[in-house]
Amino acid sequence: MSEPPAVVLSGVRYGWQPALPVVAIDELRIGHSERVFISGPSGTGKSTLLGLVGGVLVPQAGTVTILGTDLGALSTSGRDAFRAEHVGFIFQMFNLLPYLSVIDNVALPCRFSAVRWRRAVAGSGGVPAEAARLLGRLGLDDPGLLRRPVTQLSIGQQQRVAAARALIGRPRLVIADEPTSSLDANARASFIDLLLAECRDAGSAVLFVSHDLSLAPHFDRRIALADVNRAQADRRAA
Ligand SMILES: Nc1ncnc2c1ncn2[C@@H]1O[C@H](COP(=O)(O)OP(=O)(O)OP(=O)(O)O)[C@@H](O)[C@H]1O
Ligand SMILES: [Mg+2]
């Protein structure tokens with residue numbers, strides 16, 4: 001049996017104020033294992049779109065189907081559980097837990113998903129070892145740093161912690177919102193290498209938002225958000 005597409009949006013409308021749509025997408029489909037790069041000017045709804053795909057936001061109209069599951073058919077806790085199991089989300093603001101260490105932040109998805117816990121253990125023999133492997137690939141290999149509270153890290157280091165947390169346990173869909181915005185050239189190259197290697201091994205799809213168009217060639221397809229999102233045009237026409 002063929003795998004379902006990673007993402008299908010159909011007739012999706014969302015406005016932070018319902019009368020002012022920010023996202024209006026008639027149809028958007030991302031294939032199984034497809035890697036898609038999304039670009040667009042600031043404030044045009046990229047993070048809002050990712051929130052809808054990740055089930056963090058619920059559309060006012062339309063359906064969001066991820067890996068064959070209609071998120072609208074799930075309860076709030078059901079969506080949270082689905083995201084923990086299947087989606088690695090690198091938030092634009094990182095959303096790390098300030099009271100946890102670096103390693104415990106990376107390990108967090110494995111506390112909420114037995115599937116990701118099993119895959120992490122299969123990778124390195126244990127969740128902390130797998131977290132340390134991912135962080136090491138991103139240049140965070142000082143053992144003293146791994147036990148530190150995450151708030152004691154620089155912004156660029158915190159962004160790499162957020163990336164490792166998204167990738168641990170090989171989720172089937174990785175959503176990355178400006179994941180390289182605070183990284184230097186070396187850290188950016190390491191991150192792209194790791195992202196592509198982990199997602200290729202796991203057969204994961206990637207939805208990647210960035211202003212850095214030099215990264216676009218790493219992806220199967222580039223979408224300019226304005227080409228699929230009618231919200232701004234609708235607002236101008238209204
Ligand atoms: N939490 C929020 N509450 C109210 N309005 C919001 C909120 N988040 C975003 N918006 C509004 O939604 C619109 C789209 O914002 P969004 O964050 O999706 O843009 P973006 O394309 O990700 O921008 P950037 O490139 O700066 O990250 C903006 O007009 C913004 O003011
Ligand atoms: Mg954004």
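How much space lies in the second largest pocket? The second largest pocket holds about 190 Å³ of space. The model is predicted: local features need pLDDT of at least 70, side-chain atom pairs count only at pLDDT 80 or more, and totals for chains, interfaces and linings use all residues. Residues are numbered from 1 along each chain as its sequence is written, chains are lettered from A and ligands numbered from 1 in the order in which they are written, and side-chain values use heavy atoms, with hydrogens and water left out.

**Overall form**

- The protein chain has ten helices and nine strands, where helices (H or I, at least four residues) and strands (E, at least two) are DSSP runs numbered from the N terminus.
- The C-alpha trace spans about 55 × 40 × 35 Å along its principal axes.
- Of the 238 residues, 50% count as buried (under 20% relative accessible area; exposed is over 50% and partly exposed in between, with a 1.4 Å probe and protein chains only).

**Pockets**

- A pocket is an open set of points on a 1 Å grid over the protein atoms alone, where a 1.4 Å probe fits, with protein on both sides within 12 Å along at least five of seven lines; lining residues have an atom within 4 Å of a point.
- A volume is the space filled by probe spheres set on the points, which are joined across faces, edges and corners.
- The largest pocket has a volume of about 430 Å³.
- Its lining has 16 residues, of which Arg 83, Phe 91, Leu 108, Pro 109 and Arg 165 lie nearest the centre.
- Helix H2 (76-86), strand S6 (87-90), helix H3 (102-112) and helix H7 (155-167) each give two or more residues to this lining.
- Residues lining the second largest pocket include Trp 16, Ser 47, Phe 91, Gln 92 and Asp 177.
- Helix H1 (residues 46-53) gives the most to that lining, with three residues.

**Magnesium site**

- Ser 47 (OG) and Gln 92 (OE1) coordinate the magnesium ion (ligand 2) at 2.0 to 2.2 Å; donors are N, O and S atoms within 2.8 Å of the metal (3.2 Å for Na, K and Ca), and water is not among the atoms, so sites may look incomplete.
- Ser 47 belongs to helix H1 and Gln 92 to the loop between S6 and H3, 45 residues apart.
- Ser 47 is partly exposed, at 32% relative accessibility, and Gln 92 is partly exposed, at 37%.
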